[in-house]
Amino acid sequence: MRLLAFASRNGKEILRDKLTLFFGIGFPVVLLLLLSAIQANVPVTLFAVENLTPGIAVFGLSFLALFSGLLIAKDRTTALMQRLFTSPLRPSEFIFGYILPLLPMAVAQSILCFLVALPLGLSLSPRILLVLAVLLPADVLFIALGLLCGSVFNDKQVGGICGALLTNLSAWLSGTWFDVSLVGGVFETIADLLPFCHAVEAGRAALCGNFSGIFPHLWWVIGYAAALSLIAIWAFTKKLKSDA
Amino acid sequence: MTAIETKALTKSYGRRLAVDHLDLSIEEGELFSLLGVNGAGKSTTIKMLSCLTAPTSGDALIHGRSIVKEPQKVKELIGVSPQETAVAPNLTVRENLELIARLYGHDKKSARRETEEFLESFDLTGIARDKARTLSGGWQRRLSIALALISRPKVLFLDEPTLGLDVLARRELWQTIGQLKGRVTVILTTHYMEEAQALSDRIGILAQGRLRAVGTAAALMEKTSTSSFEDCFIALAGEGGTH
């Protein structure tokens with residue numbers, strides 16, 4: 001009951017922020033439309049809608065990390081948090097109260113990307129549902145990143161780290177905008193070591209029905225999501241105590 | 001019945017003693033003001049009593065529950081209105097009240113019922129659908145106190161509730177706080193002497209982490225042979241005050 005009440009408040013705080021709506025929903029959709037327009041004029045395999053959509057869906061999640069991080073960082077500096085600390089809300093209810101509303105938001109954001117992709121040429125197929133399932137570990141990964149950044153940094157730092165660094169990292173190193181193997185060398189190695197391109201590749205494999213191609217990539221994402229979730233929960237709990 | 005009893009309550013940060021062996025007893029329904037200059041130990045005392053920080057040594061009982069051994073039980077008994085306005089900015093006034101009611105165990109239906117009652121009793125009905133961030137400082141503070149009370153706490157901590165308010169808003173809030181007397185045990189911290197004098201049943205004066213004096217405003221003035229409460233406070237809270 002307490003958890004759901006707190007989760008509902010956090011969901012409303014995020015959704016009622018117009019910037020969140022614009023960047024979380026509007027921006028990925030605009031990018032999808034723009035790159036599809038480029039593809040229509042100058043055909044590039046990478047920008048074909050079945051390759052592009054999973055990439056944009058993953059990239060859109062970085063905004064979710066940004067806004068969840070901002071909410072937590074802002075909350076930590078307000079007297080509201082002091083009020084909540086003196087309420088019977090338990091540490092686990094705090095953590096899951098932030099995570100819970102973000103999961104449906106992440107899924108909704110991905111669904112919207114695919115809905116926009118349909119009129120752009122994406123075939124309506126049950127495999128879209130599979131992609132949404134395959135992207136779930138990526139959802140958790142980005143939510144954990146938001147929780148971690150919001151716990152460790154202040155709202156200005158979160159704006160810089162999640163807003164600039166994370167969105168750029170997840171854009172450049174995901175293979176959505178360009179094939180990282182074309183750059184090669186250290187860049188490709190770093191991209192391979194990070195989870196972003198694996199999340200996109202797993203989504204692409206699921207969408208084109210290459211089922212055996214899903215899991216080599218998905219393990220990377222699941223591993224990162226699990227590790228980051230544990231680190232984020234540890235950091236959040238530690239901060240919860242020190243902020244009080 | 002005793003609402004709060006502290007037993008040698010102590011908090012130190014490194015070698016600095018913020019609160020030094022505080023022994024204090026506050027009766028149920030009493031409005032008790034805790035006064036002191038900045039750094040005297042007021043906020044640390046409130047933080048310990050509201051389970052925000054653990055004491056270094058000693059203990060306090062809130063309606064018989066130990067803040068050290070049973071903080072979760074204590075949290076169910078208390079309400080806190082922090083110094084800064086503590087509201088969820090993007091929620092409406094009604095949603096803020098419902099949120100806190102539900103955090104204290106009300107289901108949706110009873111939270112709504114409680115909310116309607118508090119909207120009316122705090123004159124918030126007209127702004128119930130307004131987002132908290134759009135309210136003036138006075139209304140936000142009023143909402144903040146309503147939020148601290150909607151859980152129907154046995155003990156309410158008001159940390160400088162009228163700080164930064166204009167004189168009209170302050171007087172209105174005094175009226176609201178005054179109405180709580182006898183129903184809820186209120187611990188008030190303030191820098192406004194006239195506020196403490198007008199509202200309190202008893203006043204405790206802290207200096208350098210130690211409780212220098214406790215009593216009614218009149219009794220403290222008599223004790224220090226001063227004609228104004230401000231002079232009385234200066235005599236007790238200033239350096240070397242040992243009455």
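I began with cores, so I wrote down the term: a nonpolar core is a set of buried Ala, Val, Leu, Ile, Met, Phe, Trp, Tyr and Cys residues joined through C-beta atoms within 7 Å. Buried means that 20 or more other C-beta atoms lie within 10 Å of a residue's own, with C-beta atoms placed from the backbone.

I noted that this is a predicted model, where local features need pLDDT of at least 70 and side-chain atom pairs pLDDT 80 or more, while totals for chains, interfaces and linings use all residues. Residues are numbered from 1 along each chain as its sequence is written, with chains lettered from A and ligands numbered from 1 in the order in which they are written.

**Cores.** I looked up the largest nonpolar core and found 76 residues, of which B:Ala146 and B:Val186 touch the most other members. H5(B) gives this core its largest share, seven residues. I then listed partners of B:Ala146: leaving out residues up to four places away in sequence, it touches B:Leu97, B:Phe118, B:Phe122 and B:Leu124. Contact here means C-beta atoms, placed from the backbone, within 7 Å. Another core lies apart, with 67 residues including A:Ile56 and A:Leu66.

**Sheet in chain B.** I traced six strands in an open, mixed sheet, ordered S6-S7-S8-S3-S9-S10. Strands (E, at least two residues) and helices (H or I, at least four) are DSSP runs numbered from the N terminus, and two strands pair if DSSP finds at least two bridges between them. The edges are S6 (78–81) and S10 (210–215) of chain B, each pairing on one side only. In chain B, S3 (31–35) and S8 (185–189) run parallel over four bridges, and B:Phe32 sits opposite B:Ile187. H5 (137–149) of chain B packs on the sheet and touches S6 and S7 (155–159) of chain B.

**Helix pair in chain A.** I checked H3 (49–77) and H8 (155–172) of chain A: their axes come within 9 Å and cross at roughly 170°. Axes are lines fitted to C-alpha atoms, for helices over the stretch in contact, and angles run from 0 to 180 degrees between N-to-C directions. H3(A) and H8(A) are therefore roughly antiparallel, a label for angles over 145 degrees. Among the residues making the contact are A:Val58 and A:Leu66 of H3(A) and A:Gly159 and A:Leu166 of H8(A).

**Between the chains.** Last, I looked up the interface: 25 residues of chain B are in contact with 19 residues of chain A. On the chain B side, H2 (71–77), S6 and H3 (93–103) each give two or more residues.

Note on methods. Contact = placed C-beta atoms within 7 Å. Parallel < 35°, antiparallel > 145°, perpendicular 65-115°, else oblique. Buried ≥ 20, exposed ≤ 12 C-beta atoms within 10 Å, placed from the backbone.
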